[in-house]
Amino acid sequence: MPDYTLYTYFRSSCSGRLRIALHLKNLDYTPVYVNLLQGEQASAAHRALNPSATVPLLVAHADGDLRIGQSMAALEYLDEKHPGVAPLLPADAVSRARARALANIIACDVQPVTNLRILKRLRAIDADAQAWSVELISDGLRAYEETAAASAGRYSVGDAVTVADVALMPAVWGAERFGISLDPYPAVKKIAANLSEHPAFRKAHPFVQPDCPDDLRSKS
């Protein structure tokens, strides 16, 4: 039995972060698919596991079935538990701060205000959820672009994958979903192109997940 179970949804950007990290660190996991569009995250059974009624939820069996219901905390746990393989944070304090800052542009500024719960509430009051998402994702990509100028190499912070890239790529997948061009963000576009060739990111792509509908899988 794998050491981890991951409650996930193919299009959840936060779930994507953990899929990437698990693949980067070559960790086997058992996926449990939670269909957000069908409201399975709000079921009593799922709330009993994750009171936030969200995905991802990472269950670490080797630590007494520890349940971690926040993706950034789960990424830190995985990095501390498996430090010798594909570390997500650079060795020096300056680069670590840069990687964390970039990751949090996505994790704090973009994802929380563009997730399904927010979009459903916008639609309920007849607001334009598409325009809302495009504007906020574009704002985040602009901030990422300008911040990464001080650190980018092949990836967001130099030439090694960091937590910044793990947060960025699912946001890029989301931008593609909303038809947002990366052309105004050349550093982000270059980083994303490099990440798209990395095996761990390819394996984590939403359109290759087993719970991805067939009509979307054909676009991958």
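Two strands are said to pair if DSSP finds at least two bridges between them. Helices (H or I, at least four residues) and strands (E, at least two) are DSSP runs numbered from the N terminus. The model is predicted: local features need pLDDT of at least 70, side-chain atom pairs count only at pLDDT 80 or more, and totals for chains, interfaces and linings use all residues. Residues are numbered from 1 along each chain as its sequence is written, and side-chain values use heavy atoms, with hydrogens and water left out.

**Exercise 1. Strand β1 and its partners**

Task: Determine which residue of β2 stands opposite threonine 8, and describe how β1 pairs with β2 and with β3.

Solution. 
1. Threonine 8 has tyrosine 33 of β2 opposite it.
2. Tyrosine 7 stands opposite valine 32 in β2.
3. Strands β1 (residues 4-8) and β2 (residues 29-33) run parallel and are joined by five bridges.
4. With β3, strand β1 pairs in the antiparallel sense, over four bridges. Here the bridge partner of tyrosine 7 is leucine 57.
5. β1, helix α1 (residues 13-24) and β2 form a right-handed β-α-β unit. A crossover is right-handed if, with the strands pointing away from the viewer, the path from the first strand over the helix to the second runs clockwise.

**Exercise 2. Burial of β1**

Task: State how many residues of β1 are buried and which residues lie on each side.

Solution. 
1. Buried means under 20% relative accessible area, exposed over 50%, and partly exposed in between (1.4 Å probe, protein chains only).
2. Five of the five residues of β1 are buried.
3. Tyr4, Leu6 and Thr8 lie on one side, Thr5 and Tyr7 on the other, and both faces are covered.

**Exercise 3. Aromatic pairs**

Task: Find how many aromatic pairs the structure holds, and classify the pair of tyrosine 4 and tyrosine 77.

Solution. 
1. A pair of aromatic rings is described by the distance of the centres and the angle of the planes. Rings of Phe, Tyr and Trp (its six-membered ring) pair if their centres lie within 6.5 Å; planes under 30 degrees apart count as stacked, over 60 as edge-to-face and the rest as tilted.
2. There are two aromatic pairs in the structure.
3. Tyrosine 4 and tyrosine 77 are 6.4 Å apart, centre to centre, with 80 degrees between the planes, and the pair is edge-to-face.
4. Because tyrosine 4 belongs to strand β1 and tyrosine 77 to helix α3 (residues 71-81), this pair ties together parts that are 73 residues apart in sequence. Both tyrosine 4 and tyrosine 77 are buried.
5. The ring centres of tyrosine 9 and phenylalanine 10 lie 4.8 Å apart with the planes at 65 degrees, so this pair is edge-to-face. Tyrosine 9 and phenylalanine 10 are both buried.

**Exercise 4. The packing of α3**

Task: Name the buried residues of α3 and the elements against which they pack.

Solution. 
1. Ser71, Ala74, Leu75, Tyr77, Leu78 and Asp79 are buried in α3.
2. These buried residues pack against β1, α1, β3 (57-60), β4 (66-68) and α7.

Methods:
Contact means heavy atoms within 4.5 Å.
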